[in-house]
Amino acid sequence: MTVTPGWYMTLAAVLFAIGLLGILVRRNALIMFMCVELMLNAVNLTFVAAGRALGLIDGQVSVFFVLVVAAAEVVIGLAIIVAVFRQRSSASVDELSGLSG
Amino acid sequence: MIETILFFVLAATSLAGAITVIAARNPVHSAMGLLGTLFSLAVIYVVNLAHLVAAVQVIVYAGAVMTLFLFVIMLIGVDKAEERDETLPYQRQLVIGLAVITCGLAIALATGSGFRWTPAAPAAAQAPNGTIENVAEPLFGEWLLAFEATALLLTIAAAGAIALAYFRRGAPEEVAE
Amino acid sequence: MIELLPLVIALPLAGAVFLHFFGRRIGEPASGWIATLAIGAAFVVGLVNAVPAFTGELHHAEHVAIWDWMPAIGASLEIQWDALSVLMTLVVTGVGTLIHVFAIGYMHGDPRFSRFFTYLNLFAASMLTLVLAGNFAMLFMGWELVGLCSYLLISFWYTKPSAAAAGKKAFVVNRIGDFGFMVALMLIFLNFGTLSYGGVFERAGEVLTTGTAVAIGLLLLVGAAGKSAQVPLYVWLPDAMEGPTPVSALIHAATMVTAGVYVVSRAAAIFELAPAAGYAVATVGAVTALWAATIAIGQSDIKKVLAYSTVSQLGYMFLAAGLGGYVAAVFHLMTHAFFKALLFLGSGSVIHGMADEQDMRKMGGLRKHMPTTAATMGVATLAIAGIPPLAGFWSKDEILGVAFEGGTYGQVLWVVGLITAMLTAFYMTRQWVMVFMGEPRWDDGVHPHESPRVMTIPLVILAVLSVVGGLVNTPFRLGLEHFLHPAFEGIDLAHPSEEMSVFAILAAVSVLAGVAGIAVGYLVYNRPPARWTKFQEGFGGLWTAWEQAYRVDDIYGATIVKPGKRLADAAAFKFDLPVIDGLVNGAGWLVRTVGSKLRVVQTGLVRNYGVLFVAGVLAAVIWMVVAGGGV
């Protein structure tokens with residue numbers, strides 16, 4: 001029983017789905033961010049697996065770019081969470097509904 | 001054979017970590033779960049010969065990003081456990097509905113015959129060896145412009161973070177309500 | 001050199017743009033001289049390029065493309081340089097330059113001095129666009145632009161309610177004509193698939209049926225009648241005299257109002273196929289000529305006389321053009337530009353010297369105080385009266401000659417023309433005598449004086465042109481006819497009889513008519529005003545009708561304007577307000593109501609949005625999987 005790329009893809013899909021589910025059901029902004037990281041990592045896994053299957057190094061190069069975006073996003077996102085927390089003493093996104101129609 | 005064993009072990013640990021992330025009531029537990037997933041993925045990368053990516057995964061994600069998360073968790077309080085009950089109307093039902101549809105789609109794809117995960121690979125595809133040298137060559141050659149753009153992105157992100165964190169201090173509280 | 005032709009339009013345009021922005025800073029009189037320089041330079045450019053036409057080397061129309069505007073319909077900014085446009089360009093820029101110079105003196109002290117010259121230059125550029133156009137689209141552009149300039153200049157003194165109303169009237173009446181013109185252009189495009197002169201006129205014979213040609217011709221006549229103030233659309237021109245006198249001279253005598261004659265001549269190939277339309281043009285012209293001449297007799301405002309005289313003379317040109325005498329029409333257009341511009345400028349000089357008095361009954365005896373004006377206007381009066389060898393004699397005689405050769409109907413028109421000629425001589429003499437002869441009847445405090453050099457020199461130049469201008473085309477030497485011939489290639493031009501005896505008899509009759517008119521005018525009006533009244537009373541109610549211009553304005557007011565207003569009221573308050581406004585307000589109400597119901601969807605909650613987003617993504621994925629045959 002050899003591991004085919006499909007196995008890794010399936011694992012990535014499941015991880016991605018778990019992350020998505022987390023975003024939809026959790027209301028703590030921090031947890032939601034972790035879920036975003038989870039989803040990004042799932043995507044990274046597909047890059048690596050596909051790069052291996054196709055014999056291309058570009059899959060791994062792509063991971064670097066995703067990584068940089070993720071890092072930048074975490075920096076800004078956490079800064080926003082801290083800034084919001086300072087004003088509202090809460091990290092719940094459900095309380096941030098100032099844009100409601 | 002060894003790869004198969006490793007795959008199942010690592011898949012189990014990474015899924016366990018992921019489920020901890022979304023299930024734990026304490027944010028610190030969630031962070032630990034995420035850490036587990038990240039480490040598992042790093043090992044999977046090694047199995048896939050992506051050595052440099054694995055190293056960066058550990059250093060940047062497990063190191064820097066997770067540290068940042070933990071800092072923020074400490075900053076805004078670890079004792080704030082989240083309520084379990086859903087407050088938004090219909091949110092739970094909608095999510096369940098979406099989950100069912102997604103599962104149905106996945107099953108349909110798995111049992112169907114017309115779907116392939118990857119495009120047809122060349123018969124003699126050699127798994128690329130992700131050493132520093134091999135990764136650096138396209139990164140600083142073909143993709144140099146994109147690399148420079150990400151450098152700019154990071155700089156902007158750093159400046160933005162400073163702006164968000166620093167300029168609020170001392171400024172009058174701008175509470176909307 | 002022909003590449004320089006766009007400059008003819010560009011120079012006055014540049015002058016207008018420049019004066020628009022910097023005119024106020026430059027002030028008086030420099031901005032006037034700049035405007036004069038611009039149009040003078042355009043004249044020089046035109047003259048240089050006209051040399052091949054004079055030497056007979058310009059056999060075919062030259063074209064200068066400026067910009068491909070709408071190539072699909074043959075509408076581009078393109079100059080057509082043939083004998084007809086050469087002549088029109090020289091008349092417009094030449095007479096225009098003289099009037100610009102005159103206006104520097106006339107507009108002296110006006111607070112909007114530089115703005116006046118902005119408009120004047122803009123008008124020149126528009127008129128040149130009209131005459132230089134190489135297709136109907138560009139012609140129409142110039143056509144509308146001169147209308148706009150006419151409106152701006154008539155109501156130049158817009159603080160005067162009558163001036164503002166006159167401008168409005170000119171604009172509205174012209175719209176009626178433009179409507180016909182536009183429909184004519186659409187018909188042309190429908191039949192030819194292009195609007196370029198070449199594409200239309202060269203294939204007119206094979207494409208157009210007689211019926212279509214008549215329709216196009218009549219619609220062109222509607223447009224021309226509006227612009228050239230022909231019956232029944234002439235009513236705006238007398239009112240247009242509210243504008244400054246140089247405007248009356250340039251726009252409402254020498255150039256713009258001749259655009260209709262120009263268009264009819266330009267479209268000769270179409271009228272050639274539609275004799276009925278040609279007869280309509282001639283009839284309208286003859287009726288206008290006589291009608292306006294009778295009204296001119298009864299006027300006592302110095303400019304009103306000239307205005308009706310202009311209408312009448314334009315009728316002459318239409319009369320000739322309708323009978324196929326395009327050369328005669330264009331010839332009269334040219335000489336008329338000289339002596340009518342001179343008459344208007346002379347009247348401007350009189351008004352200037354009389355401290356803005358326009359009523360001839362309050363003038364008299366001015367020849368001692370304004371010798372130059374009196375002399376030059378005298379020349380123009382003789383010219384328009386058709387006294388040989390002045391310009392008006394030759395051109396008017398050619399028109400009458402064309403009419404006489406035009407069969408029975410032409411001879412009827414010839415009689416009308418002859419009566420008109422006599423009336424013209426009469427009312428022009430009446431005017432000159434009332435203004436310059438007899439005893440002074442001025443208001444107290446009026447001290448007439450001769451105008452400055454800047455005004456009299458253009459008068460003198462125009463007087464010289466009025467004397468010799470007719471010599472370009474005499475029965476003895478048909479210079480203009482040969483000159484214009486290339487522009488009317490393939491057109492069967494109507495000529496006066498080539499028999500010298502016929503010419504001599506016709507000339508003798510018309511000169512006799514002119515002399516008779518002059519004699520009556522002189523004998524009656526060179527006496528105290530009491531005798532005028534007695535003479536006028538001899539006509540009974542007829543004179544009152546002439547004095548009141550047949551009350552055409554009142555008739556139009558009752559039959560057209562009033563019902564029109566009522567219709568507009570009905571449309572506004574019975575249809576627009578409830579239905580159109582209701583639709584608009586209803587649309588607003590609908591949006592607001594739907595919006596207020598839908599706003600609850602925007603909860604502002606990230607997770608709600610997330611669910612919807614994921615649902616959308618999932619739908620897209622399912623579609624892709626199904627469409628891609630994945631399941």
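**One residue, one chain, one interface**

A: M437(C) is buried, as its relative accessible area is 12%, where buried means under 20%, exposed over 50% and partly exposed in between, with a 1.4 Å probe and protein chains only. This is a predicted model, in which local features need pLDDT of at least 70 and side-chain atom pairs count only at pLDDT 80 or more, while totals for chains, interfaces and linings use all residues. Residues are numbered from 1 along each chain as its sequence is written, chains are lettered from A and ligands numbered from 1 in the order in which they are written, and side-chain values use heavy atoms, with hydrogens and water left out.

Q: Ok, and where in chain C is the place of M437(C)?
A: M437(C) lies in the loop between α19 (407-436) and α20 (453-468) of chain C; helices (H or I, at least four residues) and strands (E, at least two) are DSSP runs, numbered from the N terminus.

Q: Which residues does M437(C) touch, not counting those up to four places away in sequence?
A: With contact meaning heavy atoms within 4.5 Å, M437(C) touches G364(C), G365(C), R367(C), W432(C), Y522(C) and N526(C). As for R367(C), its C-alpha is 6.6 Å from that of M437(C), although 70 residues separate the two in sequence.

Q: New topic: how many helices and strands does chain B have?
A: Chain B has six helices and zero strands, and of its 177 residues 32% count as buried.

Q: What about chain A and chain B, how many residues does each give to the contact?
A: Chain A gives 67 residues and chain B gives 82 residues. The area buried between them is about 6,600 Å², with carbon and sulfur atoms giving 74% of that area; buried area is the accessible area (1.4 Å probe) that two parts lose on being put together, summed over both. R27(A), M34(A) and R52(A) supply 10% of the area that chain A buries against chain B, more than any other three residues.

Q: Which residue forms a salt bridge with R52(A)?
A: The partner of R52(A) is E3(B), and the closest N and O atoms of the pair are 3.0 Å apart. A salt bridge is a side-chain nitrogen of Lys or Arg within 4 Å of a carboxyl oxygen of Asp or Glu, and the rule finds one across the interface of chain A and chain B.

Q: And which elements give two or more residues to the side of chain A that touches chain B?
A: Those elements are α1 (5-25), α2 (29-54) and α3 (58-88) of chain A, and α3(A) gives the largest share, 24 residues.
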